[in-house]
Amino acid sequence: MSKAITLPFSFDSNGGISSTEDMKKIIQDRVVLVLMTYASERIMRPAYGTLVRGSSFENQAEAINMINREIDTGFNTWLPYLTLLTVNSSIDPADGHLNIEITYKYGSSANPETIIVKTDILNQSGDVITEVSYGR
C-alpha cells in the first residue's frame, strides 16, 4: 500500500503532516501536480510539469488545443502508469473558469476515473486570478 502527503498540505489532529493511503486520492493529486506545475518551476527537477498554465495568454481555441496537447504530453512523460482516455477542456462563459475534465485508467483497472480541474485563467486585462480547487 502506498502512502502520500495529502493535498492540500495540512496537519492532522496530532500536529503531524496529514497523509493518505487512498490510492484514488494519491493518483488524483499526482495528476493535478503534474498538470498545474509549470515546466521549469521546480529548481531540482526543471523538466517536471507542463505548459498548461502558459495557455492563459492564448485565444480561447488555441488555449484549449494547447491544454489538450500538454495534458497528453504530461501523462506520457510523468504518469506512464496511467492511461489517458479523454480530455475535455472548456471555458465556462458564465464565470470564465477553465474546466478541464480528464478521464484515465490506473493500470489494468476496469473502472475509469474522472477528475475535473477547475481553474481561472488570466482575464483580458492581464490580472492574475487565483486557482479554484479540483475534485469529483
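Author: In this predicted model, a residue counts as buried when its relative accessible area is under 20%.

Reader: Why is Phe 75 called buried?

Author: The relative accessible area of Phe 75 is 2%. The limit is 20%, so Phe 75 is buried.

Reader: How do you know whether Tyr 104 is buried or exposed?

Author: By the same cut-off of under 20%. Tyr 104 has 1% relative accessibility and therefore counts as buried.

Reader: What makes Phe 75 and Tyr 104 an aromatic pair, and why is the pair called tilted?

Author: Their ring centres are 6.2 Å apart, and rings pair when the centres lie within 6.5 Å. Planes under 30 degrees apart would be stacked and over 60 edge-to-face; here the angle is 45°, so the pair is tilted. The structure holds four aromatic pairs.

Reader: Which elements does the pair link?

Author: Phe 75 lies in helix H2 and Tyr 104 in strand S4, 29 residues apart.

Reader: What makes up the largest nonpolar core?

Author: That core has 21 residues, and Phe 75 and Tyr 104 are among those with the most contacts inside it, as is Ile 71. Helices H1 and H2 and strands S3, S4 and S5 each supply at least two of its residues. H1 gives the most, with six.

Reader: Which residues does Ile 71 touch, leaving aside those up to four places away in sequence?

Author: Leu 35, Val 52, Leu 84, Val 87, Ile 100 and Ile 102.

Reader: How do you know that S3 and S4 pair?

Author: Pairing takes at least two bridges. Nine bridges join S3 to S4, which run antiparallel, so the two strands pair. One of the bridges joins Ile 91 to Leu 98 in S4.

Conventions: Residues numbered from 1 in each chain as written. Predicted model: local features only at pLDDT ≥ 70, side-chain atom pairs only at ≥ 80, totals over all residues. Heavy atoms only, no water. Core = buried A, V, L, I, M, F, W, Y, C linked by side-chain atoms within 4.5 Å. Buried < 20%, exposed > 50% of the residue type's maximum accessible area, 1.4 Å probe, protein only. Helix = DSSP H or I, 4+ residues; strand = E, 2+ residues; numbered from the N terminus. Contact = heavy atoms within 4.5 Å. Phe/Tyr/Trp six-rings, centres within 6.5 Å; stacked < 30°, edge-to-face > 60°.
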